[in-house]
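Welcome! Please take a moment with the sequence and the 3D view, and then we can walk through them together.

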Amino acid sequence: MAGSGIPFHATAMPSLRDPDSRFSLVSRAAVMPIATADALAQILRFKPNVCCTTGGLASFPVVVAARLARVPVYIWEGNAIPGRVNRMLAAWSQRIGATFEGSLRVLPRGRTFVDGNPIRRSLLSWTRESGRAKLGIPSEGPVVFVTGGSQGSAAINHAVSGAVTRLLRRAIVIHHTGNAHLAQVVAKRETLPPDLRERYQVYGFLHEEMGAALASADLVVGRASSSSIAEPLAFGVPLILIPFGAAMNAHQAANARAAADLGAALILPESDLDGDRLVSIVAGLLDDPARLARLASNAKTAGRPAAAETIARAVLALGGCA
């Protein structure tokens, strides 16, 4: 891969963006034999000890080729409800790493383990003290971190816009807008009174600062992708989850339910999302320290900060490299 020093080869198999499209299914089926032969040639040349994949249709020919070459397969599933392709690939895999307990009900028994969602080490190096110092946030007082993911969310940003003055009277707000929405949110920030403006930190994109923001926060408001849940939980931070309604097969809604069942999150459906509702839920938690503390305790228990190491050990053991 570019810049990493890791050899990379792209197969001819594209991902399946529209699983309900007959044309997409037929066109991918036509490419499958070519992609499988290509993957088999690469495997025979590279001679891997193990195949590790996150699944999806693009990985299908690689897994088939790996099994033809008798290479063991580790598949990682990030969602509470595995997709159709991953359920099929799991049947051919020697070990399946799940992120949510609920996946165990539909994946092969005896070969599926809750290994967690891997989180990069640099993200986890932040503490509450170092994170707040990096972001210039006082060591005391509540902090709410709102994020719509790396691309941002127009729906979440719009709700924050209608709630921001009321939120800022209760907490410092870190708002991860996505670069496409940054200018609009910055313009809104400039209209605030100076005392509130300095309590409102706006970022279009966060890289290493993402760890600082998570470590600083007492509460995270965001989407319900696997990583959007796993990262706050690794810091022991509870969540208000707003599942993306268009996510394939309602994956995010199921992920949110799994986090809520652990007592680490509340769910705010996007259909109910507006400034008033957001303020009501956030304020309800900030005004009830005992409840917020219970959620935080459950989040810490549910978090798996060592998931990357767990997965690495499982992959190495499967390939006889441990």
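Which side chains meet in a salt bridge with Glu 208? That of Arg 120 does, at 3.8 Å from N to O.

## About the model

This is a predicted model, where local features need pLDDT of at least 70, side-chain atom pairs count only at pLDDT 80 or more, and totals for chains, interfaces and linings use all residues. Residues are numbered from 1 along each chain as its sequence is written, and side-chain values use heavy atoms, leaving out hydrogens and water.

## A salt bridge across the sequence

A salt bridge here is a side-chain nitrogen of Lys or Arg within 4 Å of a carboxyl oxygen of Asp or Glu. By this rule the count comes to 9 salt bridges, and one of them joins Arg 120 to Glu 208. Arg 120 lies in the loop between E4 and helix H4 (121-124), and Glu 208 in the loop between strand E7 (200-203) and helix H9 (209-216), so the pair ties together parts that are 88 residues apart in sequence. Helices (H or I, at least four residues) and strands (E, at least two) are DSSP runs, numbered from the N terminus.

## The sheet of four strands

Let us look at an open sheet of 4 strands, in the order E1-E2-E3-E4 with parallel pairing. Two strands pair if DSSP finds at least two bridges between them. Strands E1 (51-53) and E4 (112-114) are the edges, each pairing on one side only. From one strand to the next, the twist averages 20°; angles run from 0 to 180 degrees between N-to-C directions, with axes fitted to C-alpha atoms, for helices over the stretch in contact.

Strand E2 (residues 73-77) is joined to strand E3 (residues 95-98) by 4 bridges.

## The sheet of six strands

Another open sheet has 6 strands, ordered E7-E6-E5-E8-E9-E10, and its pairing is parallel. Its edge strands are E7 and E10 (265-267). Between strand E9 (residues 239-241) and E10 there are 3 bridges, and Leu 239 stands opposite Ala 265 in E10.

Helix H6 (residues 154-168) packs with helix H12 (residues 275-286) at an angle of about 45°, their axes 7 Å apart. That makes H6 oblique to H12, because angles under 35 degrees count as roughly parallel, over 145 as roughly antiparallel, 65 to 115 as roughly perpendicular and the rest as oblique.
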